[in-house]
Protein chains: 2
Amino acid sequence: MPLRSDWSDALCPIRRSLDVLGDPWVLLIIRDVLHGRGRFDALRESLGISDAVLSRRLRAMVEADLLVRVDYPDGSRTRQGYAATEAAAELLPVLQQLAVWGERHTAMPAGGAHMALIHDTCGNETTQGGSCSACGEVLLPERMIWVKPWKKARDRLVPAGVLTMGETSAAPPD
Amino acid sequence: MPLRSDWSDALCPIRRSLDVLGDPWVLLIIRDVLHGRGRFDALRESLGISDAVLSRRLRAMVEADLLVRVDYPDGSRTRQGYAATEAAAELLPVLQQLAVWGERHTAMPAGGAHMALIHDTCGNETTQGGSCSACGEVLLPERMIWVKPWKKARDRLVPAGVLTMGETSAAPPD
DNA sequence: AAGGTCACTTTCTTGAAGAAAGTTATAGGA
DNA sequence: TCCTATAACTTTCTTCAAGAAAGTGACCTT
């Protein structure tokens with residue numbers, strides 16, 4: 001996904017990762033998709049992204065094997081949305097590490113609150129992204145609950161391939 | 001560091017992190033600075049970034065408290081370079097997780113090779129970014145060695161505040 | 001005095017971001 | 001049947017940063 005430079009054949013694996021992930025929207029889209037919010041309009045609402053940019057990003061992310069198109073029912077018809085691939089699901093450690101870092105090193109805005117990352121296998125909060133700081137186990141999306149006090153929500157993440165049909169609308173930006 | 005959108009007061013900590021880190025260059029600059037390569041021309045060479053963009057990024061990163069300006073000796077005079085802050089040093093888990101992900105999910109280019117992340121406290125390779133997958137200890141920069149076979153180098157990382165004066169030139173892009 | 005190094009700044013072109021409006025397809029209701 | 005609504009886009013337009021190349025100034029060595 002070259003924005004300006006093409007880093008897909010860089011020798012350093014970090015640089016190759018950033019060739020795909022270095023756009024500010026990509027990780028946020030994966031975050032939402034790992035919450036099951038993979039519908040176009042749900043993403044647009046949650047992200048506050050323009051239609052044109054979202055459309056481009058989604059296409060590029062399918063191309064980069066981060067997303068797959070999946071069907072979901074809308075009343076009597078079938079619509080198309082997006083779900084995470086295994087590759088995207090394995091970015092959970094990165095996302096969680098970014099969440100931990102953001103809480104430590106960015107200023108909490110008015111109305112904000114601590115987002116706890118709960119490993120429901122052991123029931124404890126983890127302060128690490130890859131493995132649980134409480135029980136040591138490797139963290140998988142479907143075993144994680146993100147507690148977001150500012151939206152009064154406890155969100156259980158979903159594994160690769162899943163698109164939930166829930167909450168038809170009216171979710172504030174996240 | 002708003003590129004287009006300003007996310008500094010987002011409620012989600014991931015989004016606040018990406019307000020600072022969502023530019024593709026920022027994490028690569030931190031990677032280099034954690035190798036002690038914090039001189040302007042060393043960064044330019046290693047990154048293949050244009051002077052203008054590097055200068056802007058460095059200024060913004062100092063502003064965002066990711067870098068500090070430090071002195072280093074150049075013969076008989078003193079010059080200025082950049083070193084990581086504590087905030088930047090605590091991005092090590094993110095960088096290492098990105099390295100692991102990149103090795104799993106991006107195609108190794110011709111001439112590439114596996115980059116091993118060695119925790120020299122226990123002597124083993126870790127497959128996790130935050131804590132050592134072999135001994136469980138939290139990973140600190142000064143205890144990590146990154147083995148880069150494509151440059152025949154074993155690079156020991158440096159803690160916050162350090163700028164090494166080493167290798168005057170001729171390092172290939174990384 | 002001339003040349004080199006380092007850390008920038010300036011100038012210019014190209015192309016993506018973002019905002020707003022338009023498009024297509026399908027469904028449900030009057 | 002026509003009207004409206006919804007979802008998933010695409011199109012158009014303006015603005016602004018990326019990237020490339022060249023220029024600047026401070027300081028040093030020869």
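Contact here means that the C-beta atoms of two residues, placed from the backbone, lie within 7 Å.

The model is predicted: local features need pLDDT of at least 70, side-chain atom pairs count only at pLDDT 80 or more, and totals for chains, interfaces and linings use all residues. Residues are numbered from 1 along each chain as its sequence is written, while chains are lettered from A and ligands numbered from 1 in the order in which they are written.

## Interface make-up

In chain A, 41 residues are in contact with 41 residues of chain B. Helix 1 (13-21), helix 2 (24-33) and helix 6 (92-105) of chain A each supply at least two residues of that side. Helix 6 of chain A gives the most, with 11 residues. Helices (H or I, at least four residues) and strands (E, at least two) are DSSP runs, numbered from the N terminus.

## Sheet in chain B

Chain B has an open sheet of 4 strands, in the order 4-3-5-6, with antiparallel pairing. Strands pair if DSSP finds at least two bridges between them. Strand 4 (124-125) and strand 6 (153-156) of chain B stand at the edges, each with a single partner strand, so one side of each lacks a neighbour in the sheet.

Strand 3 (residues 116-119) of chain B is joined to strand 4 of chain B by 2 bridges. B:His119 stands opposite B:Asn124 in strand 4 of chain B.
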